[in-house]
Amino acid sequence: MDTIADQLRALLQKAYAPYSRYPVAAIVKSASGRLFFGVNVENAAYPMTRCAEQIAVGAMVSAGERRIAEVWVMGRNAPTPCGGCRQVLSEFAGPEVKVHCLAQDGQEQVYRMADLLPFAFRPEDLTQAGE
C-alpha cells in the first residue's frame with residue numbers, strides 16, 4: 001500500500017503548471033476517512049488558476065462530505081497553503097485539524113489550521129441579511 005507521501009509524489013506528476021513550473025499536490029481526508037485528491041491547474045488567464053487544495057476540497061464537497069479531518073500538501077519544498085486556500089480549508093476544517101506540508105525529498109512541517117489562519121472567516125461568524 002502506498003503511503004500518503006507516495007500518493008502525493010504520484011499526484012505531482014499530474015499537475016498542470018506550465019507557467020509557474022511549480023507543481024503542487026494535495027490530499028484532503030474527510031471526517032469519514034475518505035481521501036480526496038487535487039493538483040494545481042494553471043491557466044493563461046492567471047486568476048483562473050486553481051490550487052491543489054481547492055480542487056481536493058471541491059472533490060470532497062462534490063462527494064457529499066463537509067468536514068475535513070486532515071490535510072497533506074506537497075511541492076518541491078514544503079509549501080504551506082496560500083491565503084486563499086487557508087480560507088477554503090478553514091470553511092470545512094476546525095482549528096485543530098493538522099495540515100502536513102511536505103517536500104518531495106521527505107521534509108515535513110505540520111501545522112494546525114488555527115496556526116495557519118488564526119482569524120479565519122467562519123460560517124458561524126456570518127449573519128443572515130435582515131437579522
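## A salt-bridge network

E96, R112 and D115 are joined in a network of salt bridges. This picture comes from a predicted model, so let's walk through it with that in mind.

R112 is partly exposed at 29%, and D115 is partly exposed with a relative accessible area of 47%.

## A salt bridge within helix 1

The whole structure holds three salt bridges. One of them joins the side chains of D6 and R9, 3.4 Å apart from N to O. Both residues belong to helix 1, where they are three residues apart, or about one turn of the helix. An α-helix has 3.6 residues a turn, so residues three or four places apart point the same way. D6 is partly exposed at 33% relative accessibility, and R9 is partly exposed at 30%.

Helix 1 has a buried side too. Its buried residues are A5, L8, L11 and L12. They lie on the same side of helix 1, because they cover an arc of only 120 degrees around the axis. Strand 1, strand 2 (35-39), strand 3 and strand 4 are among the elements that cover these residues.

## The nonpolar cores

Which residues touch the most other members of the largest nonpolar core? They are V28, I68 and L89, out of 19 residues in that core. Two or more residues each come from strand 1, helix 2 (52-62), strand 3 (68-75), helix 3 (83-92), strand 4 (93-103) and helix 4 (113-116). A second, separate core has 11 residues, including A5, L12, V39 and L102. In soluble globular proteins, nonpolar side chains tend to be buried together.

Setting aside neighbours within four places in sequence, L89 is in contact with V28, E53, V57, I68, V71, P81 and M113.

## One face of helix 3

In helix 3, the buried residues are C85, R86, L89, S90 and F92. Viewed down the helix axis, they fall within an arc of 160 degrees, so they line one face of helix 3. These buried residues pack against strand 1, helix 2, strand 3, strand 4 and helix 4.

Leaving out neighbours within four places in sequence, its contacts are M113, L117, A120, F121 and R122.

P95 belongs to strand 4 and is partly exposed, with a relative accessible area of 48%. P95 and M113 are 18 residues apart in sequence, yet their C-alpha atoms are 4.8 Å apart in space. Not counting residues up to four places away in sequence, P95 touches R112, M113 and A114.

Y16, Y19, V41 and Y46 make a nonpolar surface patch of about 410 Å². Y16 lies in the loop between helix 1 (4-12) and strand 1 (25-30). Y16 is partly exposed, with a relative accessible area of 43%.

Terms used: Residues are numbered from 1 along each chain as its sequence is written. This is a predicted model: local features need pLDDT of at least 70, side-chain atom pairs count only at pLDDT 80 or more; totals for chains, interfaces and linings use all residues. Side-chain values use heavy atoms; hydrogens and water are left out. Patches are made of residues with over 30% relative accessible area and no salt bridge: like charges are joined within 9 Å, nonpolar side chains (Val, Leu, Ile, Met, Phe, Trp, Tyr) within 5 Å. Accessible areas come from the Shrake-Rupley method with a 1.4 Å probe; for residues, only the protein chains shown count as cover. A salt bridge is a side-chain nitrogen of Lys or Arg within 4 Å of a carboxyl oxygen of Asp or Glu. Helices (H or I, at least four residues) and strands (E, at least two) are DSSP runs, numbered from the N terminus. Buried means under 20% relative accessible area, exposed over 50%, partly exposed in between (1.4 Å probe, protein chains only). A nonpolar core is a set of buried Ala, Val, Leu, Ile, Met, Phe, Trp, Tyr and Cys residues joined through side-chain atoms within 4.5 Å. Contact means heavy atoms within 4.5 Å. The arc is that of the directions from the helix axis to the C-beta atoms.
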